[in-house]
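Here's a quick walk through a protein model, in the form of questions and answers.

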Amino acid sequence: MASEQQLSAIKGAKVLMVGAGGIGCELLKTLALSGFKDVHIIDMDTIEVSNLNRQFLFRQSHVGQSKAKVARDAVLKFRPHISITPYHANVKDPEFNVDFFKQFNVVLNGLDNLDARRHVNRLCLAAGVPLVESGTTGFLGQVTVHVKGKTECYECQPKPAPKTYPVCTITSTPSKFVHCIVWAKDLLFAKLFGDKNQENDLNVRASDASSSSQQTEDVFERKNDEDIEQYGRRIFDHVFGYNIELALSNEDTWKNRNRPRPIYSKDAIPVEPVGQNGNQAKNLAAGNPLSVSAMASLGLKNPQDLWSLKENSAVFLEALKLFFSKREKEIGNLTFDKDDQLAVEFVTAAANIRASSFGIPLHSLFEAKGIAGNIVHAVATTNAIIAGLIVIEAIKVLQNDITNYRMTYCLEHPSRKMLLMPVEPFEPNKSCYVCSETPLTLEINTHRSKLKDLVDKIVKAKLGMNLPLIMHGSSLLYEVGDDLEEDEVANYAANLEKVLSELPSPVMGGTILTVEDLQQELKCSINVKHRDEFDEEKEPDGMVLSGWTQPLAVEKNGKGSTDNGASTSRVSEATSVVTEDDDELQIIPTQIGKKRKLSDISSAASSEVSSFSNDAKIKRKAEEADDNNDLVMLDGGSSENSKKKREQ
């Protein structure tokens, strides 16, 4: 039972929730049942079919509607007397500024990307409002508390670059080639050749259904009188044509995104069969089934060649025909294997066709084969546990109970008979450029790099500023905003294309730049250091920023202990998988019962297998949580020989 003091704090609190997905649904329910009376929710997403298995406030009839609005309506049915204000919008919209944040007593995050999390962190710092962060990944999860001047901010510690690929992104709004690979491998390939009873997020309703009974038929089922060529073209038209048109019908999805184009087989490739070497395919099939090749049938030899849309379409149809003609007995039991040549060809072709539809650069079979991944499904119970922990910490924050703040981690396997591991928060990082305003250092070739390079690769990509302003002394070099005059916009656009040393106020070695984001109320200084050469592999940007929170270096000493030479015990295996919640959790040991210092993170666990002392506390470094999805993929790749380059 809550004390009278707690109930008073709860009833008088005004709470902002950012995110109404997997964690958000559980959180809103828990807030309502805990007695909170005034809750505001921001979420820009609409409900997808794939959300329904864990985001329990939503139903089939809600698909396509605003998550924030439907969540509000669902909770008001069992708590009608509380106030819930939904915003179907992006938290980065101008209306959600510092003044907006100042009206709340606490902010609770359930976001799906690093950029938005940084943005909310900075607004909370500027507004002086406590932030409670969270994330889940399968059975793992964490809740962290961030209070200005008392604990570390969200950006005090390194956040590895996100490599998560949510289901709604994969099925509806892909923006990277790896999204298309995941779709082709884990959805389309699995649907066509894998277990027919396995759940799949692909739309299976026939595009030519003329009655309600037909609409329930699975378009992927091959008809008795249908030859392989007809079946292949029907599948092609459904997934690359009809499903794209269906997605385009939801106008809200494409307000701020490029619209994809439907592709039909008759447009991509002539109806007549493509010339092929049937004997070659037959001979291959006579040996190892895994050596059957659509490329060989079509006379395509080099796996590093970039296929055209027509060639990809031909490979897609030919691979599908070969599966049904040469490997029919395997259909229904197949899983993707990167060593299965025909499977790799099919996935590459399907991914490239989808990429072409969404305006994403195509890749060769060699490149596509190099992308490997892991699936981690969302666990509704983990979301519920984390939502409860968020509310517990929010109540402590509302009571200003600083000594009892905890960053709590949910484990998959018990550690010292505990599945929930509470840890005292870090103190603020004095070298954090966000909350401590520590100057940064930028090594760059000022005679070759343009201002545009600085803005895109450093200010936006690394510092996460959305509306940056860059000054050299009293000279304004760059600014963005709706209130600028046309001549100012033209002047700043011209500056972007100028080399740094040739700007109106030249930027050279020794220059100090002031970079500011007025929306986030964040300002930092950058000391510029001229440098001629950069390592092409290790420093691909052609510039190096020091002083910001880069990904943690992992020490491997070959010994069992990772902290203070203590005895070892296996606490957890932190595997390099990325999840529906966009969080990669790394384990970092610290001393139990003691205030955590920044030096405690000097020894980090391996991303594959980590051992810890019996007297270890656990801190998981969150990558980025996307609590709206349940399928993800780890982007892998090979490194080439390091090369030195002198910028021309």
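Q: Why is Asn400 called exposed?
A: Asn400 has a relative accessibility of 53%, and the label "exposed" goes to anything over 50%. So Asn400 counts as exposed. Keep in mind that this is a predicted model.

Q: What makes Lys417 exposed?
A: The relative accessible area of Lys417 is 84%. The cut-off is over 50%, so Lys417 is exposed. Lys417 belongs to the loop between S7 and S8, and has a positive phi of about 65° although it isn't a glycine.

Q: Why does Leu419 count as partly exposed?
A: Leu419 comes in at 41% relative accessibility. Buried would need under 20% and exposed over 50%, so Leu419 lands in between and counts as partly exposed. You'll find Leu419 in strand S8 (residues 418–423).

Q: What makes Ile385, Leu419 and Leu420 a patch?
A: Patch members need over 30% relative accessible area and no salt bridge, and nonpolar side chains are joined within 5 Å. Ile385, Leu419 and Leu420 form a nonpolar patch of this kind on the surface, and together they have about 220 Å² of accessible area.

Q: Which label does Lys14 get, and why?
A: Lys14 has 22% relative accessibility. Buried means under 20%, so Lys14 counts as partly exposed. Lys14 is part of strand S1 (residues 14–18). Lys14 and Lys37 are 23 residues apart in sequence, and their C-alpha atoms are 7.7 Å apart in space.

Q: Why are H8 and H13 described as roughly parallel?
A: Helix H8 (residues 228–248) and helix H13 (residues 341–357) pack at an angle of about 20°. Angles under 35 degrees count as roughly parallel, and H8 and H13 are therefore given that description. Their axes are 11 Å apart, and the crossing of H8 and H13 is right-handed.

Q: How do you know that Glu133 and Arg117 meet in a salt bridge?
A: The N to O distance between the side chains of Glu133 and Arg117 is 2.8 Å, and the cut-off is within 4 Å. That makes the pair a salt bridge. Glu133 lies in strand S5 (residues 131–137) and Arg117 in helix H5 (residues 114–127), so the pair ties together parts that are 16 residues apart in sequence. Both Glu133 and Arg117 are buried.

Q: What makes Lys321 and Glu318 a salt bridge?
A: Their side chains meet at 3.6 Å, N to O, and within 4 Å is what's needed. Lys321 and Glu318 are three residues apart in helix H12 (residues 309–326), about one turn of the helix. Salt bridges that share partners join Glu229, Arg233, Glu318 and Lys321 into one network. Both Lys321 and Glu318 are buried.

Q: Are Lys266 and Asp267 buried or exposed, and how do their side chains meet?
A: Lys266 and Asp267 are both exposed. Their side chains meet in a salt bridge at 3.4 Å, N to O. A search of the whole structure turns up 22 salt bridges.

Definitions and conventions. Residues are numbered from 1 along each chain as its sequence is written. This is a predicted model: local features need pLDDT of at least 70, side-chain atom pairs count only at pLDDT 80 or more; totals for chains, interfaces and linings use all residues. Side-chain values use heavy atoms; hydrogens and water are left out. Patches are made of residues with over 30% relative accessible area and no salt bridge: like charges are joined within 9 Å, nonpolar side chains (Val, Leu, Ile, Met, Phe, Trp, Tyr) within 5 Å. Accessible areas come from the Shrake-Rupley method with a 1.4 Å probe; for residues, only the protein chains shown count as cover. Helices (H or I, at least four residues) and strands (E, at least two) are DSSP runs, numbered from the N terminus. Buried means under 20% relative accessible area, exposed over 50%, partly exposed in between (1.4 Å probe, protein chains only). Axes are lines fitted to C-alpha atoms, for helices over the stretch in contact, and angles run from 0 to 180 degrees between N-to-C directions. Angles under 35 degrees count as roughly parallel, over 145 as roughly antiparallel, 65 to 115 as roughly perpendicular and the rest as oblique. A crossing is left-handed if the near helix is turned anticlockwise from the far one by less than a right angle, and right-handed if clockwise.
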